[in-house]
Amino acid sequence: MSDAATVARLRARFPRAFGRPPWQRAAWALGCVAFVIWLGALCAWFDITPARLSRGVSGLFVILRLMVPPSPGAQWADILQGLAQSVAMAFLGTFVAAAIALPLGLLGARNVVVNALAHFSIRRVFDGFRGVDQLIWALAFVRAVGLGPLAGLLAIAAAEICVLAKLFAEAIENADPRQPESVLAAGGSRLLAIRFGLLPQVLPVLLAQVLYSFESNTRSAAILGVVGAGGIGLQIAERIKVRYWDEVSFIIILILITVAAIDFLSARIRRTLIA
Amino acid sequence: MKDGLAALETAWRARRRARLLAGAIVTAILLVCLAVSAWVSEAYPSALLAGAPRVGEYFARLLPDLRLPVLFAGTATQGSLAYWMYRLDIWLWLLFETSQMAALATLLGALPALLLCFPAAANLAPNRVVYSVCRRALELFRCVPDIVYALILVWTFGIGPLAGILAIALHTVGALGKLFAEVAENADMRPWEGVRAAGGNWAQAVRYAILPQVAPNFLSYILLRFEVNVRGATVIGFVGAGGIGQELYAVISFNYYQEISAIAVLIILCVSAIDLTSEKLRTLAIGRTT
């Protein structure tokens, strides 16, 4: 008997060993059909047609060709100032957010605020506000305090408070409970227990998180200008509007270098903090 | 005994002085940095003092005008929930559109990331050149924020969701590709060696030795990215790339205060719901193998 015949005979006798059972195969097929229908419906809804795609891609190649070589343009001083503004916005915004988030993080930590309802509701508020993107804050602050980097600074601070408060609360919950307990046992008040038992433990962790959020805020500070909140984003949006593609690519490269430099610096500081 | 105590005392004082000095230097540097950045970002005390009441006033106006006795009255009654959310059907549809944009963009971004991540993993790359080319390509995709992609793509693809989807997808390629490559680098190499020893080529080894190990983690990262992309899709409309962002931009620009808070609340609810669902799915995806 040949091998092929053996396999065929075995396949007939033990169909289960050679594949999924029929109901599973039917479910797979059904899933694939549903997926294709979903994809087709989305394409129809969003007007995604091959003609439109090919037109867009060819336009994109034209832009990419115009982007080389990058050029600083005539107003390179504005670009540098925008970059400095972005970094300053990120730095100050992160600092303000960290200063406000520290007490909030203490309130949200289970081992500091023992009341479960208070702790739960504070946490949910942090989670909820994290759903509001930084650009929404920026747009609102531009309406409130006017165009310029101040709006961006406030937007970064407002959006980052909730993120940092949540991270702080989690770090504080992971702290060793024996040290604050010993302060309490030695006759210290609850405030003293937090100051001398809890904070020294968690401070390096919190600082590392602040540095992380400074890195991520530098990235987002670079785009807040798109809605008028100052910084390099304003420069890039203006140049895209007038189609100075070589200057756009110059600014993008400049942002990449700045972000890489800040990442490097912050990683150095973090290493010395943790060690 | 007494000498020992005195020595301890002096040593402690010296250490204390050194620590105070170091603390003072760090504080001084921090203060200088803060002052310089306040000056550069135009956060002058006068501007802050002038801005603070306006910020308070603005956000106070955003608060919905709800009155308890008529809370559940119809759309026509001022002070009811229905009056506040009077365009609920349109906003919910826009939110659905936003989530679908994010889903399609995540899918479109995950496919190239899946192709690029294996050559970008140090342990799987066929050679150094392919490895560094793929790594740099992923970095390039990741470094440009999606809103900048959207600004450029709106020029070539026209205003509408398509530009937003492609913009988010481009950024997703880089973000997911990096995470995928890191997962692949941590994969167990023994199945890989087994497939290669049995005569399988590179693609077969990736398919049968690595992919089954990493698929749950990949799925979990795709879901995580979907959550991030939903947030991104809510604002991508600010530059004309579709979704709820376009509507939000309009109501903020025209100072329709109540509508701003209504849309913001809907966005928060929608994002939280998607986060919770995706968190459940993620634990399911990872838990299935362990």
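Chain A and chain B bury about 4700 Å² between them, and 82% of that area lies on carbon and sulfur atoms. The model is predicted. Three residues, Trp45(A), Phe46(A) and Arg143(A), supply 13% of the area that chain A buries against chain B, more than any other three residues. In terms of contacts, 51 residues of chain A meet 53 residues of chain B.

Polar links across the interface can be counted separately. Between chain A and chain B there are 0 salt bridges. The two chains have 6 residue pairs in polar contact, counting pairs with both residues at pLDDT 80 or more.

On chain A, the elements that give two or more residues to the side touching chain B are the helices α2 (22–45), α3 (50–67), α4 (76–108), α5 (116–130), α6 (134–145), α7 (149–173), α10 (232–241) and α11 (245–274). The largest share of this side, 9 residues, comes from α6(A). Sorted by class, the side of chain A that touches chain B has 40 nonpolar, 5 polar and 6 charged residues.

Aromatic rings are the next topic. Over all chains, the structure holds 17 aromatic pairs. One of them joins Trp45(A) and Phe96(B), whose ring centres are 5.9 Å apart with 20 degrees between the planes. That pair counts as stacked because its planes are under 30 degrees apart. The pair crosses between chains, running from helix α2 of chain A, which holds Trp45(A), to helix α4 (residues 88–117) of chain B, which holds Phe96(B). Trp45(A) has 29% relative accessibility and therefore counts as partly exposed. Phe96(B), at 38% relative accessibility, also counts as partly exposed.

A pair in chain B has another geometry. The ring centres of Tyr86(B) and Trp91(B) lie 6.3 Å apart and their planes stand at 80 degrees, so this pair is edge-to-face. Tyr86(B) is partly exposed, with a relative accessible area of 43%. Trp91(B) has 0% relative accessibility and so counts as buried, the cut-off for buried being under 20%.

Key
Residues numbered from 1 in each chain as written. Chains lettered and ligands numbered in written order. Predicted model: local features only at pLDDT ≥ 70, side-chain atom pairs only at ≥ 80, totals over all residues. Heavy atoms only, no water. Contact = heavy atoms within 4.5 Å. Buried area = accessible area lost by both parts, 1.4 Å probe. Salt bridge = Lys/Arg side-chain N within 4 Å of Asp/Glu carboxyl O. Polar contact = N/O pair within 3.5 Å; in protein donor to acceptor, adjacent residues only side chain to side chain. Helix = DSSP H or I, 4+ residues; strand = E, 2+ residues; numbered from the N terminus. Nonpolar A, V, L, I, M, F, W, Y, C, P; charged D, E, K, R; others polar. Phe/Tyr/Trp six-rings, centres within 6.5 Å; stacked < 30°, edge-to-face > 60°. Buried < 20%, exposed > 50% of the residue type's maximum accessible area, 1.4 Å probe, protein only.
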